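Grab a pencil and work through these exercises with the structure open beside you. Each task comes with a solution that goes step by step.

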Amino acid sequence: MLREPDPGLAKSRRSSSFSTGPMAGTLVRVPSANRRPEATPATEAQILRRAAALLVLIFVVGGALLVGSVVFGGPDRPAEPGAAPSSSPATVAETTSSAPRASASATPTLTNTPKPKPQQKPQPKPQPKPTASGMQRFVTGYLATVARDPVAGWTLLTPSFRNASGGFGSYSRFWNTVTRAVPRDVVADPRGLTIGYTVDYTRRDGSTSVDSTRLRLVFRGGDYLIDGEG
């Protein structure tokens, strides 16, 4: 089978046949309409730039998706079978029950808080004072003690009255003859710390005697001592 003549070649021949002048006889090739133009270096550079831009775009989109999944927690995981029905009511119940508690705690409750009472300073213990009854009890006890034990009676005298009594020898010689001494008609003066009374003596030989005396007392820390006579 014969191929049809190339239209471009025929055209070039006709051009060479009818051309005049300096360009006569020059063969001009006209590109065929069915042939593809060869790729130029500029076209290959554009393809490379487009491919690089596409890769950059892919990396940017992938990075954005990765950051979004990290920030927003990623897509929701499907709930396990049987867990969804029980979790939703529990969440609703918890939300419903927590709402009144939050409102109750947010609203302050006014209560009458008792004011603290100021601390009172401890009151000093009242100092004991001499009394008529106390002085009478002392004298009664002294006479009962000294008639039984002159040494114990001696301790109920002040040092000054011990000296005025002539010492323990003279004091004990008198009281060793007495077995009983009972006071009566006692008159006590707490302000002046004096006490007068009548005393009935019973001696070892069976005899009795009556004497009236008046004593001066001192009061020290709640205790009485005999400080003198008259």
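**Exercise 1.** What pLDDT does the chain average?

*Solution.* Start with the ground rules: this is a predicted model, where local features need pLDDT of at least 70, side-chain atom pairs count only at pLDDT 80 or more, and totals for chains, interfaces and linings use all residues. Residues are numbered from 1 along each chain as its sequence is written, and side-chain values use heavy atoms, leaving out hydrogens and water. Now the score itself: pLDDT is the predictor's confidence in each residue, from 0 to 100. The chain averages 75, and 62% of the residues score at least 70.

Helix H1 (residues 7–18) has the lowest confidence, with a mean of 45, while strand S2 (residues 194–203) has the highest, at 97. Residues 9–28 have a pLDDT below 50, and beyond near neighbours in sequence this stretch has four contacts in the model (a contact means heavy atoms within 4.5 Å).

**Exercise 2.** Work out how the rings of Phe168 and Tyr171 are arranged.

*Solution.* Begin with the rule: rings of Phe, Tyr and Trp (its six-membered ring) pair if their centres lie within 6.5 Å; planes under 30 degrees apart are stacked, over 60 edge-to-face, and the rest tilted. By this rule, you'd count nine aromatic pairs. Phe168 and Tyr171 have ring centres 6.4 Å apart and planes at 35 degrees, so this pair is tilted.

Where do they sit? Both are in helix H7 (residues 167–175), three residues apart, about one turn of the helix.

Now try Phe174 and Trp175: their ring centres are 5.1 Å apart and their planes at 85 degrees, so you'd call this pair edge-to-face.

**Exercise 3.** Is Trp175 buried or exposed?

*Solution.* Check the cut-offs: buried means under 20% relative accessible area, exposed over 50%, and partly exposed in between (1.4 Å probe, protein chains only). Trp175 has 7%, so Trp175 is buried. Phe174, at 37%, counts as partly exposed. Tyr171 is buried at 7%, whereas Phe168 is partly exposed at 33%.

Technical notes
Helix = DSSP H or I, 4+ residues; strand = E, 2+ residues; numbered from the N terminus.
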